[in-house]
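Here is a friendly tour of one structure, taken a topic at a time. Have your viewer ready and follow along.

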Amino acid sequence: MAPQDATMYWLSERTRNDLFLLYCFADRGLPTEELRAAVAERSARIADLRVRLRELPVDLDYPRWTRCEFGAEQFMEHELPDRDWSCLLEALGDLLGTGVDAAVHPWRLHVFRAIQDAPGLEGEPALVAVLQMSHALADGRRAAAIARALFTEAPPVSDGGVQAADECASAPGSWRRGSAWWPSTRDFAARGRAIGEAVPSSLSSAGVLVNSAIGVLRAPVRIAVTAMRGYQAFRAQQRLADLTASGEVPPPADGFLPTVLNRSSPQGISRHEARMLVFPSADVRVPGRTVTVVVLTAVSLALARYLAERGEPVERLGAQVPMALPEAARPRNNYRSLGVDLFVDEPDPRLRADKIAAALADRRVRALHPLLAAQDRVTAAMPAPLLRRDVDRYPLDTVPDSIAGHTVVSSVDRGPADLSFGGGAVRFTAGFPALGSVMHLTHGVHGLGDTVTISLHADPAVLPDLDAYAAHLGAALREAHRTRVEASPSV
């Protein structure tokens with residue numbers, strides 16, 4: 001298991017960091033037992049859904065993936081007091097505060113039947129499926145490919161599996177058809193049918209002992225390699241500083257002072273709330289702008305207005321934007337988080353969007369520079385006990401004096417709307433980045449076919465009126481779209 005993925009697993013023991021992928025289908029009334037059987041049959045084809053973690057004693061080496069068959073408890077149908085959208089949102093908030101144990105089963109599917117008033121279904125009952133997944137198993141890009149495999153009608157494939165499907169966007173929200181960043185539907189089907197890597201058979205007790213012994217023997221080598229790579233990282237940092245000073249590489253982002261959105265409490269997250277704004281993609285796309293930039297502009301407008309209404313105006317706001325890195329051989333979590341200024345001091349929405357786009361582009365250039373990868377190579381060589389110690393000691397409950405952003409905006413295009421479940425076609429998808437001691441409001445931006453959903457996940461102790469913020473965000477998105485479209489030259 002790669003150190004990046006082990007870090008996510010160890011963090012899950014201290015904080016909730018699971019992924020939640022929501023897909024809304026038309027409910028065709030297929031019996032629950034048939035739905036469960038379909039999930040069992042489809043998941044049996046997908047290597048990533050047939051594994052669990054096996055830890056070694058006292059973390060002598062990194063955990064390993066071992067085979068694990070589908071368990072009936074991984075399919076959970078939830079009965080709601082009322083089968084309507086508001087009741088579904090309340091139940092979803094409860095789910096977002098839970099976590100799976102990757103050492104038992106790293107994923108679970110939650111199902112809600114016959115939901116009324118779901119966005120875009122116009123009186124038709126909805127079947128809402130929420131795929132909950134350990135972050136050790138996948139990042140947002142890989143998780144979307146796994147879900148695509150689970151909700152795609154496809155014949156069985158060979159047991160070995162294939163590599164993870166390419167994400168629709170190499171950069172967050174850069175959703176461009178007809179380019180190298182957009183695989184064809186055929187590519188999606190071929191790559192999405194079986195996600196993952198070949199995994200070993202279940203480890204016996206003897207196997208655990210052998211792997212533990214190997215971990216002990218490798219530790220001195222890892223320590224030596226870590227020291228060597230640490231020196232190389234120091235030299236790379238000096239070289240990067242020289243390139244930055246000469247203007248060849250964009251400077252790092254300035255940090256932000258925490259706001260009322262980032263205050264922690266000894267009790268941690270009080271409760272989880274979720275909302276979804278579902279739009280036709282035409283209402284989000286504008287000429288010359290990525291979806292991510294449009295949404296970031298809307299967030300800048302909405303968040304500043306919401307805070308001003310609460311009597312908490314701010315001079316600067318920033319967002320943390322996860323960016324997918326070029327596909328790597330080993331890590332399941334392969335991304336960097338970029339700190340992007342939202343330029344709330346710029347009154348003109350068009351100029352604000354231009355500045356946000358430029359800042360995001362600079363952050364991407366710096367994040368992809370080869371010299372920045374030197375530190376990753378240090379982490380990749382660290383002995384497991386040392387990295388585990390660092391994860392356990394990291395002050396998760398402390399809000400630092402300077403933060404990378406006040407909120408998260410995570411953007412992934414999940415491809416064509418050709419998925420189905422229980423005989424019903426998919427209508428939209430959503431996702432909910434995790435909350436933490438610093439982030440008490442996060443945004444998911446997810447495209448599927450001709451829809452884009454902006455999902456909100458918040459702690460009501462910090463953001464007491466999520467509906468008011470959602471209304472601000474919807475109005476701001478329409479404003480950002482209208483302003484940009486009106487300013488674009490007619491064709």
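H135 is buried, because its relative accessibility is 11%, where buried means under 20% relative accessible area, exposed over 50% and partly exposed in between (1.4 Å probe, protein chains only). This is a predicted model, in which local features need pLDDT of at least 70 and side-chain atom pairs count only at pLDDT 80 or more, while totals for chains, interfaces and linings use all residues. Residues are numbered from 1 along each chain as its sequence is written, and side-chain values use heavy atoms, with hydrogens and water left out.

**Around H135**
- H135 sits in the loop between β6 (126-133) and α4 (140-150); helices (H or I, at least four residues) and strands (E, at least two) are DSSP runs, numbered from the N terminus.
- Not counting residues up to four places away in sequence, H135 touches M8, N17, D18, L19, N333 and Y335, with contact meaning heavy atoms within 4.5 Å.

**Aromatic pairs**
- There are 9 aromatic pairs in the structure; rings of Phe, Tyr and Trp (its six-membered ring) pair if their centres lie within 6.5 Å, and planes under 30 degrees apart count as stacked, over 60 as edge-to-face and the rest as tilted.
- W10 and Y62 are stacked, because their ring centres are 6.0 Å apart and their planes lie at 25°.
- W10 belongs to helix α1 (residues 3-12) and Y62 to the loop between β2 (51-54) and β3 (64-67), so this pair ties together parts 52 residues apart in sequence.
- Both W10 and Y62 are buried.
- W85 and F428 form an edge-to-face pair, because their planes stand at 70°, with ring centres 6.2 Å apart.
- Helix α3 (residues 85-96) holds W85 and strand β12 (residues 424-431) holds F428, 343 residues apart.
- F428 is buried at 1% relative accessibility, and W85 is buried at 11%.

**Nonpolar cores**
- The largest nonpolar core has 47 residues, and Y469 and L473 have the most contacts inside it; such a core is a set of buried Ala, Val, Leu, Ile, Met, Phe, Trp, Tyr and Cys residues joined through side-chain atoms within 4.5 Å.
- Helix α7 gives the most to this core, with 12 residues.
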